[in-house]
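Reader: Hi! I have a protein model open and I'm new to this. Could you walk me through it?

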Amino acid sequence: MLVATQREINPFLTRMQVNRPGEFLYTTPFVHFGDVDIYITGIGIPFVMFHLMNLLSQREYHLVINAGVAGSYNKSLYPVGSVVNVVREEFADIGVEEKHMFYTIFETKWLEMNFFPFRNGKLYNEKRYFPMVENLPCVNSITVNRSSGTTETIERYREKFNPDIENMEGAAVFYVCLHKNIPFLELRSISNYVEERDKSHWDIDMAANNLTQFLIDLFNTGKPL
């Protein structure tokens, strides 16, 4: 399980009996599921991509879970504290700016829209693996290198990508796992709304606690389908 920061997974580490075989690596056993490794990657695309590739070169995993918090673009459908399953990801800020316009790498023709593992410029995960995950809302996400906090940026992303949520690592995990043909999930708990940045409106602790409860229940159900 990959998590960007310890704060996002700290309730899980506190409630479970964990060992720490590495500086950023924790592991804990579940009776029916088996051992779960938890790796703190750091925030952002390059960090999670490097550490995931490094882990996959050293260990064999049957399932990769990218877990963490995210910002919601839809207050009514995905309120703070809700847990969602990300089924589509896009790299939202890789491209060029020109005359106050932003163009993705696909719009610039630097990369073909269906160049593997992309489909129409997007990354998809159509598997659920657990009955519990099938019951979660399925959302479309964008992955950004900087958290959106201005009206101009937010409206640009709404218009171009029509996202449900935003995070800073998910598309990188999709990209690596699709290339490596490794089963994966991205599970996010909503900590804030994507709006003019005001952290007084955020509730990372509630999001982390709700995510922890879902993950513990998930692993206690047994091995994935």
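Author: Happy to! One term to start with: two residues are in contact when they have heavy atoms within 4.5 Å. Also keep in mind that this is a predicted model.

Reader: Okay, then what is Val64 in contact with, leaving aside its neighbours within four places in sequence?

Author: Val64 is in contact with Leu2, Leu52, Val173, Cys177, Ile182, Pro183, Phe184 and Leu185.

Reader: And which residues in the largest nonpolar core touch the most other members?

Author: Those are Leu2, Leu52, Val64, Ile165 and Val173, in a core of 29 residues. Two or more residues each come from helix H2 (45–58), strand S4 (64–72), strand S5 (83–91), helix H5 (170–180) and strand S11 (184–193). H5 gives the largest share, 6 residues.

Reader: Why would residues like that group together?

Author: In soluble globular proteins, nonpolar side chains tend to be buried together. In this model there is also another core, apart from that one, with 28 residues, including Phe30, Ile40, Ile65 and Val83.

Reader: Now Asn66: is it buried or exposed?

Author: Asn66 is buried, because its relative accessible area is 2% and buried means under 20%. This residue lies in strand S4.

Reader: What does its side chain reach?

Author: The Asn66 side chain reaches the backbone oxygen of Leu2, at 3.2 Å. Beyond its neighbours within four places in sequence, Asn66 is in contact with Leu2, Glu169, Gly170, Val173, Leu185, Glu186, Leu187 and Arg188.

Reader: Switching topic, how many disulfides are there?

Author: The structure holds 0. Cys138 is in no disulfide, and the nearest cysteine sulfur, in Cys177, is 18 Å away.

Reader: Last one: what does the whole chain look like?

Author: The chain has 6 helices and 11 strands. Its radius of gyration is 17 Å, close to the 17 Å that the globule rule gives for 225 residues, so the chain is as compact as a globular protein of that length. Its C-alpha atoms fill a box of roughly 55 × 40 × 35 Å along the principal axes. Buried residues make up 51% of the 225.

Reader: Thanks, that helps a lot!

Note on methods
Residues numbered from 1 in each chain as written. Predicted model: local features only at pLDDT ≥ 70, side-chain atom pairs only at ≥ 80, totals over all residues. Heavy atoms only, no water. Core = buried A, V, L, I, M, F, W, Y, C linked by side-chain atoms within 4.5 Å. Buried < 20%, exposed > 50% of the residue type's maximum accessible area, 1.4 Å probe, protein only. Helix = DSSP H or I, 4+ residues; strand = E, 2+ residues; numbered from the N terminus. Polar contact = N/O pair within 3.5 Å; in protein donor to acceptor, adjacent residues only side chain to side chain. Rg over C-alpha atoms; globule rule 2.2 N^0.38 Å. Disulfide = S-S within 2.5 Å.
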